[in-house]
Amino acid sequence: MAEGMRLMAVHAHPDDESSKGAATTARYVAAGTSVMVVSCTGGERGDILNEKLKDDPHILRDIAQVRRDEMKAAQEVLGCEHTWLGFVDSGLPEGDPLPPLPDGCFGLEDIDVTTEALVRVIRAWRPHVMTTYDEKGGYPHPDHIMCHTVSMAAFEAAGDPTRYPHAGEPWQPLKIYYNGGWSKDRLEAIHDAMLAEGLESPYAEWLANWKPRRTGRPTTTIACGEYFETRDRALMAHATQVDPDGFWFQVPLEIQKRVWGVEEFEAALSYVEIADGEDDLFAGLGTPAEADALATRTDLALVHDGRVTDEPEPEEVEQESGRAHGDSSDTHTDEDGDADRDNDSDSDSEKADAR
């Protein structure tokens, strides 16, 4: 891991940066890499998911500022840089039929407006590598889907001098990855390890209701188990969004590190070759100076396109592959059998999508 490299992680809401790829962030920061987290929205429409704080008058009075304060605390834990893209949380529509999204929210913004905003950040900060969500947003929250759309559009526009010429000097990030999620393999491995230790697994019901939404295609594995504790502290900094005594903290860190001490990523687009068994998001980029030179060239050609364009329906994936990678976050049910969902960035099962 080359000191002096720059990684930009684009997320939909505050707390997403701590539940998706946070241990990787901490590892890179410790190695001297600069990491910038971009939060597309302020998470203003998020429910208070921590039962202990539901009646807190300060939180009820100014949830927008609380979310900002929580993000600042998480940023300090991770040691990364952070910026707000400045758009308004869309909330998670519920009902049948679904209600329309609120006026002025991120999910309804003009794509040119949102893309230009992120292009400005990219050209000013000059990342060598970016991360974002997959084509389905990791799960179908309108802000997560828009985050994917905007990230991919900005990645492709940032190096083009004819696109948004007033938004800074062109800069072409060299790779963009999707954050990995909870594959069935990962879930079963930790579940089996808990049972082997004579412990109750919190994942039994989730596995029993497993319905893959998307077939993940991991290309890159980052060994970061030693930073799981940092990841958890960053997530707990978002106190309105997570209960420290809740679902996602029931598996001992020792088991997590031993059984699945990595975070996975999926190379979506790259201007350098993606080697088999890649274990570094900056692999193939050379030194920081060499990567800088590549990022300012105007004759770069894509050499890797891992975008999924012909994804079969979930039922077909399950029948054909048996143990497909996928995000089954909409199938974790509560005691009453209703899917766990919140009105902001993640339900309990989404909270650790990339953890």
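**View 1. Helix H9 crosses helix H10 in a right-handed sense.** The model shown is predicted, so local features need pLDDT of at least 70 and side-chain atom pairs count only at pLDDT 80 or more, while totals for chains, interfaces and linings use all residues. Residues are numbered from 1 along each chain as its sequence is written, and side-chain values use heavy atoms, with hydrogens and water left out. The axes of H9 (residues 228-236) and H10 (residues 253-260) come within 10 Å and cross at roughly 125°, where axes are lines fitted to C-alpha atoms over the stretch in contact and angles run from 0 to 180 degrees between N-to-C directions. That angle makes H9 oblique to H10, given that angles under 35 degrees count as roughly parallel, over 145 as roughly antiparallel, 65 to 115 as roughly perpendicular and the rest as oblique. On the H9 side the contact (heavy atoms within 4.5 Å) is made by Phe228, Glu229, Arg231 and Asp232, and on the H10 side by Leu253, Gln256, Lys257 and Trp260. These residues divide into three nonpolar, one polar and four charged, where Ala, Val, Leu, Ile, Met, Phe, Trp, Tyr, Cys and Pro count as nonpolar, Asp, Glu, Lys and Arg as charged, and the others, Gly among them, as polar.

**View 2. Helix H7 also packs on H10.** The axes of H7 (residues 184-196) and H10 are 10 Å apart, at an angle of about 130°, which makes H7 oblique to H10. The crossing of H7 and H10 is right-handed. From H7, Asp185, Arg186, Ala189, Ile190, Ala193 and Met194 meet Ile255, Val259 and Trp260 of H10, and the residues of this contact comprise seven nonpolar, no polar and two charged.

**View 3. Strand E1 is largely enclosed by the rest of the structure, because six of its six residues (6-11) are buried.** Buried means under 20% relative accessible area, exposed over 50%, and partly exposed in between, with a 1.4 Å probe and protein chains only. In a regular strand the side chains alternate between the two faces of the sheet. Both faces of E1 are covered, with Arg6, Met8 and Val10 buried on one side and Leu7, Ala9 and His11 buried on the other. E1 runs parallel to strand E2 (residues 34-41), to which six bridges join it, and Arg6 has Ser34 of E2 as its bridge partner. E1 also pairs in the parallel sense with strand E4 (residues 129-132) over three bridges, and there Met8 stands opposite Met130. Two strands pair if DSSP finds at least two bridges between them.

**View 4. Asp15 and Tyr164 are non-glycine residues with positive phi.** Asp15, with phi of about 105°, lies in the loop between E1 and helix H1 (16-19), and is buried with a relative accessible area of 0%. Tyr164, with phi of about 50°, is placed in the loop between helix H6 (142-157) and strand E5 (175-179), and counts as buried at 12% relative accessibility.

**View 5. A cis peptide bond joins Asp96 and Pro97.** Omega is about 5° at this bond, and Pro97 is found in the loop between strand E3 (81-87) and helix H5 (111-125). Helices (H or I, at least four residues) and strands (E, at least two) are DSSP runs, numbered from the N terminus.

Conventions: A crossing is left-handed if the near helix is turned anticlockwise from the far one by less than a right angle, and right-handed if clockwise.
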